[in-house]
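Here are my notes on this model, point by point. Have the coordinates open as you read.

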Amino acid sequence: MTDINPLLTMQGLPPFATIRAEHVVPAVEEVLAQARATTAAVTAAGGTSWESLAQPLEEMQHRLGRIWSPVEHLHAVADETSLREAHDACLPRLTDFWTELGQNAALYRAYRALRDGPEYQRLDPVRQRIVDEALKDFHLAGVDLPPARRERFRAISTELATLGSRFAQNVLDATHGWTVHLTDAQRLAGLPETARALARQCAVQRGLEGWVLTLDAPAYLPVLTHARDRCLREEMYEAYATRASEQGPQAGRWDNGPAIAAILALRHELARLVGFESYAELSLAKKMARSTSDVMAFLTDLAARARPVAERELAELEAYAHRRDGIGSLEAWDVPYYAERLREERYALSQEELRPYFPLPRVLEGLFGIAERLFGVHVRPLQGIETWHPDISFYEVRDAAGELRGEFYLDPYARAHKRGGAWMGACIGRARTRERLWHPVAYLVCNFAPPVDDHPSLLTHQEVITLFHEFGHGLHHLLTRVDYPSAAGINGVAWDAVELPSQLMENWCWEPEALALFARHHETGAPLPAAMVERLRAARNFHSGLQIVRQLEFALFDFRLHLEYDPARGGRVLETLERVRDEVAVVRPPEYSRFAHGFTHVFAGGYAAGYYSYKWAEVLSADAFTRFEEEGVLNGSTGRAYLASILEQGGGRHPMDLFVTFRGRTPRIDALLRHNGLQPAC
Ligand code: ZN
């Protein structure tokens with residue numbers, strides 16, 4: 001009997017209950033072989049029309065995504081050794097395939113012929129943009145370089161991938177390489193019950209008495225925020241701030257210094273090979289921001305506005321810490337602790353107090369109700385869909401005309417073998433293939449506390465915001481009208497614009513009119529009292545100046561590091577960080593701190609010369625929301641306009657054009673400043 005590989009035979013939704021680790025490598029090899037055959041057939045036939053060239057490649061991309069997506073997803077939410085091994089075995093095969101495709105000179109010539117031929121003018125703007133962007137991608141992959149330099153480009157790319165993964169591994173090892181063992185309960189004073197239980201569990205796992213604190217976020221952050229023991233805070237801060245460096249208690253064991261120097265040098269060389277002055281310039285080639293000077297102007301302008309506010313906030317905090325505990329000099333390890341005490345005192349509101357008002361089922365009803373009022377879509381649960389765990393629910397999304405627009409899985413609760421955090425992932429992307437129209441399917445994944453006894457899962461307000469955020473990404477993926485995988489939904493959307501739909505949705509978590517739809521006590525059904533709503537809103541901007549300058553410090557450091565790199569002088573990492581701090585920072589970390597050595601976003605992730613994207617997209621989302629503020633936060637016609645001009649368009653047009661279509665003008669920073677309690681621009 002022949003074994004049927006469900007990854008290769010599936011017709012619609014992935015059969016999650018039957019996918020096994022042993023199916024993964026054969027399926028990926030098969031689909032890559034098919035993809036190579038398609039590419040070869042397309043180039044051999046010499047087609048230069050959309051139908052003969054781009055369409056088969058778009059369909060190939062769709063099939064690859066459809067088969068790889070459930071593998072990647074299961075790896076993240078139901079991890080076990082054999083699946084992880086199969087997943088990891090496929091990664092280099094996929095990387096090789098994409099590098100090979102990017103440097104395929106025959107394909108590049110065919111796309112150029114399509115762009116220069118008569119058919120191009122007859123294509124709609126979405127397909128024109130796909131062709132233009134494909135040409136840009138070929139160029140950025142080094143396709144038009146002479147052979148020796150193309151080889152060098154490929155070697156650098158491989159080396160950078162290795163360095164990035166070593167960087168991340170060092171941070172991980174350094175994070176797990178240090179713990180503090182406590183036997184005196186006094187030292188835990190101030191810690192919330194959840195953090196104590198975790199520390200106790202860590203000790204039990206190691207066969208120790210008492211408590212063990214680690215540098216993992218769920219252990220580290222509560223100590224910095226709540227531990228009364230100042231020495232404990234300092235000890236953990238030092239270990240954390242020197243991870244993977246030549247400083248601190250683990251000095252030199254996993255030092256990322258050499259990797260940082262090599263990464264910066266190679267990125268600079270790569271950028272020069274494909275014709276850019278700096279890696280920062282290369283990074284902007286696929287972003288919404290037009291020039292490095294635009295990005296620098298944006299960041300320095302925002303810094304100039306936020307810094308005075310941050311200085312006032314810090315001075316006030318220093319006075320408070322002095323008054324409360326006689327602290328003479330407020331250190332980096334004191335700031336989160338006293339900030340939290342001041343916040344509690346001033347607003348008399350804790351996240352724990354809000355939980356009973358945010359039972360998950362009601363929050364979901366409210367969220368879907370808001371989507372219905374704004375975008376005219378109906379979200380309805382479907383039963384009997386095959387999933388990867390009994391906690392998962394499944395929903396379909398139909399529009400006002402009853403048309404099925406998309407479907408999504410919701411995986412809400414934390415559990416073993418599931419990655420932390422929250423995210424939206426694409427299961428199937430919208431695509432019109434020769435056989436059919438595929439509607440989009442998404443995964444929404446969160447890590448909320450599961451229901452206990454007969455209580456539903458109760459969320460903090462922060463978790464409600466997370467759910468709205470990921471649902472915003474989900475709507476972008478699900479409601480797209482673009483039929484081509486390269487530009488459908490979030491695909492092809494510039495990195496610095498992709499957080500617009502997600503951050504926009506967060507706004508409804510703060511509006512009394514919206515909160516009234518779902519914030520109700522899970523036992524009594526009483527609405528969230530108006531006084532609590534007021535305190536919640538008042539606390540929104542607590543220390544916003546300090547938070548903004550911190551984000552700007554990271555963004556400016558990342559951008560200048562890649563913009564000002566000089567091969568003769570090397571990376572000058574510490575020097576650049578010092579200069580950036582002179583400009584924007586108000587809290588000065590100690591000399592030994594080695595922030596860069598743990599900056600995985602930039603040295604091991606996709607944020608190199610792109611960390612600014614967070615704030616950039618916030619300008620867009622804050623400004624887009626002002627139209628809702630003006631016309632009514634639950635105004636359906638404003639919602640429909642946003643749906644038509646942004647959500648449905650995906651990556652089919654330039655993000656600036658989409659924004660202008662919705663807002664009627666280019667973005668202004670005023671709303672971001674106002675939402676953060678800063679001075680509006682003159
Ligand atoms: Zn996001």
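1. Domains first. The protein chain is split into domain 1 (6-102 + 104-140), domain 2 (178-241), domain 3 (257-349 + 543-611) and domain 4 (356-538), with bounds that come from an automatic or database domain assignment. A word on ground rules: this is a predicted model, where local features need pLDDT of at least 70 and side-chain atom pairs count only at pLDDT 80 or more, while totals for chains, interfaces and linings use all residues. Residues are numbered from 1 along each chain as its sequence is written, and side-chain values use heavy atoms, with hydrogens and water left out.

2. Domain 3 against domain 4. Their C-alpha centres lie 31 Å apart, and the contact (heavy atoms within 4.5 Å) takes 10 residues from domain 3 and 8 residues from domain 4. The buried area between domain 3 and domain 4 is about 800 Å², with carbon and sulfur atoms giving 64% of it; buried area here is the accessible area (1.4 Å probe) that two parts lose on being put together, summed over both.

3. What polar links cross that interface? There are 3 residue pairs in polar contact between domain 3 and domain 4, both residues at pLDDT 80 or more. A polar contact is a pair of N or O atoms within 3.5 Å; within protein, one must be able to donate a hydrogen and the other to accept it, and residues adjacent in sequence count only if both atoms are side-chain atoms. Salt bridges between domain 3 and domain 4 number 0, taking a salt bridge as a side-chain nitrogen of Lys or Arg within 4 Å of a carboxyl oxygen of Asp or Glu.

4. The nonpolar core. The largest one has 149 residues, and F358, F375, F408, F468, W508 and F603 have the most contacts inside it. Such a core is a set of buried Ala, Val, Leu, Ile, Met, Phe, Trp, Tyr and Cys residues joined through side-chain atoms within 4.5 Å; buried means under 20% relative accessible area, exposed over 50%, partly exposed in between (1.4 Å probe, protein chains only). Helix α13 (residues 292-325) supplies the largest share of this core, 13 residues. Helices (H or I, at least four residues) and strands (E, at least two) are DSSP runs, numbered from the N terminus. Domain 3 and domain 4 each give this core at least three residues.

5. Around F603. Setting aside neighbours within four places in sequence, F603 is in contact with G164, F167, I260, I263, L264, R267, L561 and A596.

6. Salt bridges worth a look. The count comes to 50. In one of them, E59 pairs with R434, the closest N and O atoms being 3.4 Å apart. E59 sits in helix α3 (residues 50-77) and R434 in the loop between β7 (431-432) and β8 (437-438), 375 residues apart. E59 is buried at 15% relative accessibility, whereas R434 is exposed at 60%.

7. R233 and D334. Their side chains form a salt bridge at 2.7 Å, N to O. R233 is in helix α10 (residues 230-241) and D334 in the loop between α13 and α14 (335-347), so the pair ties together parts 101 residues apart in sequence. Both R233 and D334 are buried.

8. Finally, S645. It is found in helix α25 (residues 636-645) and is buried, at 7% relative accessible area. The S645 side chain reaches the backbone oxygen of A641 at 2.5 Å.
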